[in-house]
Amino acid sequence: VLADSPFVAVIGGANVDIHGRSTKPMLAKDSNPGAVSVAAGGVARNVAENLARFDIDTRLISAVGGDHYGDLLVRLTREAGVDVQGVLEFSTASTSTYLSVLDDRGDMLVAVNDMAIIDRLTADALRASAAKLRQAEILVVDANLQVDTLDWLFATTSGLPVFADTVSAAKANRFRKHLRHIHTLKTGTIEAEALTGLPANTASQLKIVAADLHAQGVQRVFVTRGEKSVFYSDGGAQGLHPIKRDRPEIRNAVCAGDAFLAGLVYSWLQGLDLPRTLRFASATADLTLTNAGTNHPGLSVQRVNEIMEREHA
């Protein structure tokens with residue numbers, strides 16, 4: 001089915017997220033008091049939900065199993081406003097699950113993912129979605145997809161602006177031979193090092209990393225640095241966007257990066273300049289940090305704009 005109006009296609013991981021957060025400083029190899037939550041997650045799925053809450057027509061392509069978690073993921077994603085017609089069900093597989101342990105500040109200590117089902121998003125499985133993908137205004141993709149799938153995807157959607165998330169150091173290098181197709185790359189310092197083979201800790205090192213990525217064809221680079229700052233480069237302007245010191249209490253920092261990427265996509269669709277893009281994406285992440293769950297159910301353009309106004313009052 002071809003769309004009559006612009007939409008964003010998002011393809012990649014969809015998980016059930018199980019988060020355990022300690023209420024006191026974590027003790028290794030011991031039972032820690034805390035709280036456990038279950039929510040819909042996955043990088044691509046999270047980005048899709050956040051975009052839908054910005055009233056963007058968003059189509060998700062992912063995979064779920066024929067189990068309770070799969071039904072839950074599809075239902076919650078649909079209720080958030082995302083078009084889930086492109087989510088494929090594999091009845092003999094288990095839905096992807098992501099288990100994370102957070103410290104008492106909400107920062108992730110360790111995580112385990114069971115995402116074997118995403119490997120079933122092969123070129124053959126996705127071929128029926130080719131026409132839809134080519135009609136998208138933007139393609140958002142995460143590195144959970146296998147290399148062969150990425151080969152097919154970038155060949156099929158050549159010419160579309162692609163916003164990409166490296167996901168993890170183990171998967172970041174899957175984008176290496178396709179960097180010329182990527183318009184905007186959102187990554188972290190560890191993932192940037194894995195992708196380029198270059199150190200990415202300091203501002204001067206990040207400039208070298210950005211130069212390497214630009215030379216390969218990436219137009220814009222955003223490297224999140226936790227609570228420190230965000231490094232940005234568009235081939236002209238570059239630097240560190242500071243994180244506000246008065247940011248609210250962090251309740252869950254796991255998916256702030258996904259919210260940041262959604263903010264980048266929205267800003268590009270709205271034609272925002274780079275300074276306002278950074279402010280909007282950062283405010284989107286800040287709001288997400290205040291929610292104990294994976295995504296903030298009250299996310300909206302209005303609420304993000306209110307945060308931006310307070311920060312610059």
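This is a predicted model: local features need pLDDT of at least 70, side-chain atom pairs count only at pLDDT 80 or more; totals for chains, interfaces and linings use all residues.
Residues are numbered from 1 along each chain as its sequence is written, and side-chain values use heavy atoms, with hydrogens and water left out.

As for overall build, the C-alpha trace spans about 50 × 45 × 40 Å along its principal axes. A compact globule of 313 residues would have a radius of gyration near 20 Å, and the 18 Å found here agrees with that (taken over C-alpha atoms; the globule rule is 2.2 Å times the number of residues to the power 0.38). Buried residues make up 54% of the 313, buried meaning under 20% relative accessible area with a 1.4 Å probe and protein chains only. Of the contacts (heavy atoms within 4.5 Å) with a separation of 6 or more, 64% join residues 24 or more positions apart.

In secondary structure terms, there are 10 helices and 14 strands; these are DSSP runs numbered from the N terminus, with at least four residues of H or I for a helix and at least two of E for a strand. Four of the strands make up an open, mixed sheet in the order β3-β2-β7-β8, where pairing calls for at least two DSSP bridges between two strands. Since β3 (34-41) and β8 (108-114) sit at the edges with a single partner strand each, one side of each is left without a neighbour in the sheet. Neighbouring strands are turned against each other by 15 degrees on average, direction ignored (axes are lines fitted to C-alpha atoms, for helices over the stretch in contact, and angles run from 0 to 180 degrees between N-to-C directions).

Inside the sheet, β2 and β7 run parallel, paired over six bridges, and Gly-20 stands opposite Val-101 in β7. On to β8: β7 (residues 97-102) pairs with β8 in the antiparallel sense, over six bridges, with Leu-99 opposite Val-112 in β8. The hairpin of β7 and β8 has five residues between the strands, and Gly-106 takes a positive phi near 90 degrees there. Helix α2 (residues 68-79) lies across β2 (15-22), β3 and β7, at about 90 degrees to β2.

Notes:
Buried means under 20% relative accessible area, exposed over 50%, partly exposed in between (1.4 Å probe, protein chains only).
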